[in-house]
Amino acid sequence: MSSFIEEVKAKAAADRKTIVLPESNDKRTYEAIEMIKKENFADLVLVATPEEVEKYGAGYDLSGVTVVDPVGGPKVEEYAEKFAELRKSKGMTYEQALAILKKDYTYYGVMMVKTKD
């Protein structure tokens with residue numbers, strides 16, 4: 001089993017991708033960050049406010065990790081516009097999209113991927 005995992009890691013390292021981690025209030029996310037950094041097979045983006053990083057990420061090495069603020073960051077309004085556009089057939093407004101993106105970071109991460117950020 002471990003040879004399979006090693007093979008997957010080797011393939012990932014050869015075709016380096018970026019992983020977006022939206023669960024910034026979970027210590028397991030920070031443990032995963034450290035493991036991935038140690039294995040060095042992907043670039044990392046953590047979706048978190050500065051306060052969340054300080055509270056939940058204390059004691060973890062986040063050097064080299066891109067931290068994106070989903071509440072006060074420069075892209076939140078752009079993502080909200082795009083999200084509302086994608087969900088307009090379901091009646092979503094810009095204001096609703098903005099509220100969702102600021103509350104549920106999974107949606108923020110999805111919009112980052114959708115816009116190729």
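1. T29 is a residue of helix α2; helices (H or I, at least four residues) and strands (E, at least two) are DSSP runs, numbered from the N terminus. With a relative accessible area of 8%, T29 is buried. The classes are as follows: buried is under 20% relative accessible area, exposed is over 50%, and partly exposed lies in between (1.4 Å probe, protein chains only). Which residues does T29 contact, leaving aside its neighbours within four places in sequence? They are L21, E23 and L46, where contact means heavy atoms within 4.5 Å.

2. On the basis of the note: this is a predicted model, in which local features need pLDDT of at least 70 and side-chain atom pairs count only at pLDDT 80 or more, while totals for chains, interfaces and linings use all residues. Residues are numbered from 1 along each chain as its sequence is written, and side-chain values use heavy atoms, with hydrogens and water left out.

3. The overall architecture may be stated briefly. The chain has 6 helices and 3 strands, and from the N terminus on its elements follow the order α-β-α-β-α-β-α-α-α. Taken along the principal axes, the C-alpha atoms fill a box of roughly 50 × 30 × 20 Å. Of the 117 residues in the chain, 32% are buried. Among contacts with a separation of 6 or more, 57% are between residues 24 or more positions apart.

4. G57 is located in the loop between α3 and β3. Is G57 buried or exposed? Its relative accessibility is 5%, so G57 counts as buried. When neighbours within four places in sequence are set aside, G57 is in contact with Y30 and E52. The C-alpha atoms of G57 and M111 are separated by 23 Å, and these two residues are 54 residues apart along the chain.

5. The packing of helices deserves attention. Two packed helices are described by the angle between their axes and the distance between the axes. Helix α4 (residues 76-86) packs with helix α5 (residues 94-103) at an angle of about 120 degrees, and their axes are 8 Å apart. This angle makes α4 oblique to α5. For reference, axes are lines fitted to C-alpha atoms, for helices over the stretch in contact, and angles run from 0 to 180 degrees between N-to-C directions. Angles under 35 degrees count as roughly parallel, over 145 as roughly antiparallel, 65 to 115 as roughly perpendicular and the rest as oblique.

6. On the α4 side, the residues in contact are V76, E77, Y79, A80, E81, F83 and A84, and they meet Y94, A97, L98, I100, L101 and K102 in α5. The residues of this contact of α4 with α5 comprise 10 nonpolar, no polar and 3 charged. In this division Ala, Val, Leu, Ile, Met, Phe, Trp, Tyr, Cys and Pro count as nonpolar, Asp, Glu, Lys and Arg as charged, and the others, Gly among them, as polar.

7. Helix α4 also meets helix α6 (residues 105-114), and the two axes come within 10 Å and cross at roughly 85 degrees. The helices α4 and α6 are therefore roughly perpendicular to each other. Here V76, Y79, K82, F83 and L86 in α4 meet Y107, Y108, M111, M112 and K114 in α6. The contact of α4 with α6 divides into 8 nonpolar, no polar and 2 charged residues.

8. How many salt bridges does a search of the whole structure find? The search finds 6; a salt bridge is a side-chain nitrogen of Lys or Arg within 4 Å of a carboxyl oxygen of Asp or Glu. Side chains of opposite charge can pair when their charged atoms come close. One of these bridges joins the side chains of D61 and K37 (3.0 Å, N to O). This pair links distant parts of the chain, 24 residues apart: D61 is in the loop between α3 (50-56) and β3 (66-68), and K37 is in helix α2 (residues 27-39). D61 is partly exposed at 39% relative accessibility, and K37 is partly exposed with a relative accessible area of 26%.

9. Another salt bridge is formed by the side chains of E78 and K75 (3.7 Å, N to O). E78 is partly exposed, with a relative accessible area of 40%, and K75 is partly exposed at 30% relative accessibility. Salt bridges that share partners join K75, E78 and D117 into one network. The side chains of D15 and K17 also meet in a salt bridge (3.5 Å, N to O), and D15 is partly exposed, with a relative accessible area of 46%.
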